[in-house]
Amino acid sequence: DADYELINNSLRGTANRIDTVKVTFIEGETVETYARKLEENNVCSAADFLKAVNEADFTNYSFIKAIPNAQDRAYLLEGYLFPDTYEFYTNSSGESVVRKFLDNFNARVDTSLKAAIKARGMTIDQAVILASIIQGEAADTDNMNKVSRVLQNRLENPGTYPRLECDSTSSYAKNMVPGEGGGAVFVKAYDTYEREGLPVGPINNPGLDAIRAVVEPSEDEEIKQCYFFATAYIDEVPHYFYSKTYAQHKKTCEKYGIGIHAKS
């Protein structure tokens, strides 16, 4: 009888075993990409995850509680789901999965980094929004620091440069699934060609390099005088160009066929 019970318990244990799965999230991916990956890996359904992102209560995290204009954002927690490799239980709840991301954000954006953000006169939220644009515009740390400098130059001179005019923000605004307010509302909220200053929220989930670039903008004397940057893909490799004036910027864009100044 004892042997039978042992075998029976062993079989029952196998049947009830909970599987785990590792999933990697890349710097600069959006909440929608996260949702798709989680569902594909049987962690949780995309719908459950997105519902948790926008509706679950995470105000026990001070950096989430401090988010302003939450109702105007497409996805409330966009920007705060720290990119990394995670091990999840399959068939988890969306809320428990989100907490894993937020716990990691809190650990990686540590006390010293939070203090450095405050020392620059920024809130955590402003830093994350700016970091997400830097992440969307630059592929390596050197250019992240340079892009950070250019964007902060513009933010510090709103009279002359009221808009950041970053393609990554307009792409986010136009590609996202429209929420209840409809697509046009989000375009105006996120597209920095349309709105002044920072977008209403982050446009992706930035990694540590991009967040650090916010507090460590380039100290290069040339870059410190620049208000424009452009990226050209030459043989599929990004090349970055920084300009002090609009005339210089326009010339670069015409030469390399970049954006609205590309010659048809």
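Visitor: In the protein chain, what share of the contacts with a separation of 6 or more comes from residues 24 or more positions apart?
Guide: Such residues account for 65% of those contacts. Bear in mind that this is a predicted model.

Visitor: How many helices and strands does the protein chain have?
Guide: There are 12 helices and four strands. The chain has 264 residues, and 47% of them count as buried.

Visitor: Why is lysine 146 called buried?
Guide: Check the value against the cut-off. Buried means under 20% relative accessible area. Lysine 146 has 19%, so it counts as buried.

Visitor: Where is lysine 146 found, and what is it in contact with?
Guide: Lysine 146 is in helix H8, which spans residues 141–155. Leave aside its neighbours within four places in sequence, and its contacts are Ser218, Ile223 and Tyr242.

Visitor: What makes serine 170 buried?
Guide: Use the cut-off again. Serine 170 has 11% relative accessibility, and buried means under 20%, so serine 170 is buried. Its place is in helix H9, residues 167–175.

Visitor: Which residues does serine 170 touch, not counting those up to four places away in sequence?
Guide: Serine 170 touches Asp191 and Tyr193. Another residue to look for is proline 199. Serine 170 and proline 199 are 29 residues apart in sequence, and their C-alpha atoms are 9.9 Å apart in space.

Visitor: How many aromatic pairs are there?
Guide: The count comes to 19.

Visitor: Why is the pair of phenylalanine 25 and tyrosine 34 called tilted?
Guide: Take the distance of the centres, then the angle of the planes. Rings pair if their centres lie within 6.5 Å. The centres of these two rings are 4.4 Å apart, so they pair. Planes under 30 degrees apart count as stacked and over 60 as edge-to-face.

Visitor: Are phenylalanine 25 and tyrosine 34 buried or exposed?
Guide: Both are buried. They also belong to one aromatic cluster, together with Phe49, Tyr86, Phe88 and Phe101.

How values were computed: Residues numbered from 1 in each chain as written. Predicted model: local features only at pLDDT ≥ 70, side-chain atom pairs only at ≥ 80, totals over all residues. Heavy atoms only, no water. Helix = DSSP H or I, 4+ residues; strand = E, 2+ residues; numbered from the N terminus. Buried < 20%, exposed > 50% of the residue type's maximum accessible area, 1.4 Å probe, protein only. Contact = heavy atoms within 4.5 Å. Phe/Tyr/Trp six-rings, centres within 6.5 Å; stacked < 30°, edge-to-face > 60°.
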